[in-house]
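Hi there,

The sequence and the structure are just below, and my notes come after them.

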Amino acid sequence: MSDSLHIAGKAYGSRLLVGTGKYKDFTETRAAIDASGAEIVTVAIRRTNIGQHANEPSLLDVLPPSEFTYLPNTAGCYSADEAVRTLRLARELLDDHRLVKLEVLGDPNTLYPNVTETLAAAKTLVKEGFDVMVYTSDDPIIAKQLEDLGCVAVMPLASLIGSGMGILNPWNLQIIIENANIPVLVDAGVGCASDAAIAMELGCAGVLMNTAIAAAKDPVRMAGAMKKAIEAGRESFLAGRMAKKLYSASPSSPTTGMIG
Amino acid sequence: MQIIVNGTPMQLQTSPMTVQALVTHMQLTGKRIAIERNGDIVPRSQFEQVVLQPGDTLEIVGAVGGG
């Protein structure tokens with residue numbers, strides 16, 4: 001497989017990145033992630049439960065960092081300072097791990113990103129040696145500014161986090177992809193497999209999703225569907241689609257040799 | 001001595017106490033955690049050396065499921 005996804009100097013066979021939240025239990029988490037074929041998994045950094053049982057399994061036992069590339073996120077952070085602090089802790093937690101997902105939110109209802117705080121955090125994190133994959137709005141100018149700051153991948157939303165509304169502005173995504181010299185991944189908003197395929201057909205380098213899989217009636221089956229959609233969409237993009245025409249006087253069957 | 005751990009006041013009977021002793025006391029030994037003390041990361045390699053002071057504010061975190 002030569003068509004791999006390159007991020008921060010590492011090649012990945014899968015272009016599907018998945019979150020690890022919202023699953024019923026760790027068994028379902030693991031089964032869904034296996035079915036998705038994802039190699040990069042996002043995790044959140046949270047306070048440890050004081051007084052929890054010492055032998056309770058943790059996410060790291062279920063998804064060993066030896067098998068997956070961890071992508072610690074800054075979910076729930078509303079300022080650059082909080083996001084930077086969270087990722088410094090993540091780096092210590094995961095033994096000098098540098099690949100991170102930066103997201104700074106601006107509003108608790110819509111979870112819309114705060115791009116000014118995101119830019120500020122990206123600047124600090126890049127300076128501190130982090131490889132920053134950055135979640136942002138689908139604004140092409142902001143996407144380019146994040147690239148110029150040194151982020152390793154830019155991840156515009158398809159629609160709002162957890163909404164499952166699909167790709168609402170393919171034109172902006174297309175502009176972002178055309179202008180970018182780093183991988184562009186759709187992060188957030190994908191609801192079903194066709195959404196993922198469309199993202200890939202637009203030329204995205206990959207898709208990051210969580211709720212679309214975890215909130216499906218059968219998450220493991222949806223994870224498999226997403227894997228196929230990402231692969232089909234990528235192949236379709238590489239194959240190059242036919243030109244769209246309102247109608248065509250060129251049928252697929254010969255116009256000669258008709259009976260009668 | 002009183003410190004604050006993850007936003008909750010905690011009364012320590014032993015004093016002085018190292019970060020490592022606190023980790024043991026909290027039954028977090030062997031768990032994958034990271035600790036911030038008064039806003040600065042305490043590297044794991046320094047748990048034995050760093051001695052807690054009254055009023056210290058600690059954040060002890062781990063990785064959990066998230067998107």
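Predicted model: local features only at pLDDT ≥ 70, side-chain atom pairs only at ≥ 80, totals over all residues.

Residues are numbered from 1 along each chain as its sequence is written, chains are lettered from A and ligands numbered from 1 in the order in which they are written, and side-chain values use heavy atoms, with hydrogens and water left out.

**Where the chains meet**

Chain B brings 26 residues to the contact and chain A brings 29 residues (contact means heavy atoms within 4.5 Å). About 2,400 Å² is buried between them, and carbon and sulfur atoms give 56% of that; buried area here is the accessible area (1.4 Å probe) that two parts lose on being put together, summed over both. On the chain B side, Arg32(B), Ala63(B) and Gly67(B) lose the most area to chain A, together 25% of what that side buries.

There are 16 residue pairs in polar contact across this interface, both residues being at pLDDT 80 or more. A polar contact is a pair of N or O atoms within 3.5 Å; within protein, one must be able to donate a hydrogen and the other to accept it, and residues adjacent in sequence count only if both atoms are side-chain atoms. In chain B, strands E3 (34-37), E4 (40-42) and E5 (57-65) each supply at least two residues of the side that touches chain A (strands, E, of at least two residues and helices, H or I, of at least four are DSSP runs, numbered from the N terminus). The largest share, 7 residues, comes from E5(B).

What does E5(B) pair with in chain A? Its partner is strand E4 (residues 40-47) of chain A, joined to E5(B) by 5 bridges and running antiparallel; two strands pair if DSSP finds at least two bridges between them. Within this pairing, Ala44(A) stands opposite Val64(B), and Ile45(A) has Ala63(B) as its bridge partner. E4(A) also pairs with strand E5 (residues 69-72) of chain A, in the parallel sense over 4 bridges. Because 6 of the 8 residues of E4(A) are buried, the strand is largely enclosed by the rest of the structure (buried means under 20% relative accessible area, exposed over 50%, and partly exposed in between, with a 1.4 Å probe and protein chains only).

**Salt bridges**

The whole structure has 15 salt bridges over all chains, and 4 salt bridges cross the interface of chain B and chain A. The rule asks for a side-chain nitrogen of Lys or Arg within 4 Å of a carboxyl oxygen of Asp or Glu.

- Glu36(B) with Arg85(A), the closest N and O atoms being 2.5 Å apart. Glu36(B) is buried at 3% relative accessibility, whereas Arg85(A) is partly exposed at 39%.
- Arg32(B) with Asp95(A), at 3.0 Å, N to O. Arg32(B) is partly exposed at 31%, and Asp95(A) is partly exposed at 48%.
- Arg44(B) with Asp95(A), the closest N and O atoms being 3.0 Å apart.

Inside chain A, Arg88(A) forms a salt bridge with Glu128(A), with the closest N and O atoms 2.6 Å apart. Arg88(A) lies in helix H3 and Glu128(A) in the loop between helix H4 (115-127) and strand E7 (131-136), so the pair ties together parts that are 40 residues apart in sequence.

**Around Asp187(A)**

Which strand holds Asp187(A)? Asp187(A) lies in strand E9 (residues 185-187) of chain A, and at 4% relative accessibility Asp187(A) is buried. The side chains of Asp187(A) and Lys101(A) are joined by a polar contact of 2.9 Å. E9(A) and E10(A) run parallel, joined by 3 bridges, and Asp187(A) stands opposite Leu208(A). On the strand E10 (residues 206-209) of chain A, Gly206(A) and Leu208(A) point one way and Val207(A) and Met209(A) the other way, and all are buried. Strand E3 (residues 16-18) of chain A is also joined to E10(A) by 3 bridges, running parallel, with Leu17(A) opposite Leu208(A).
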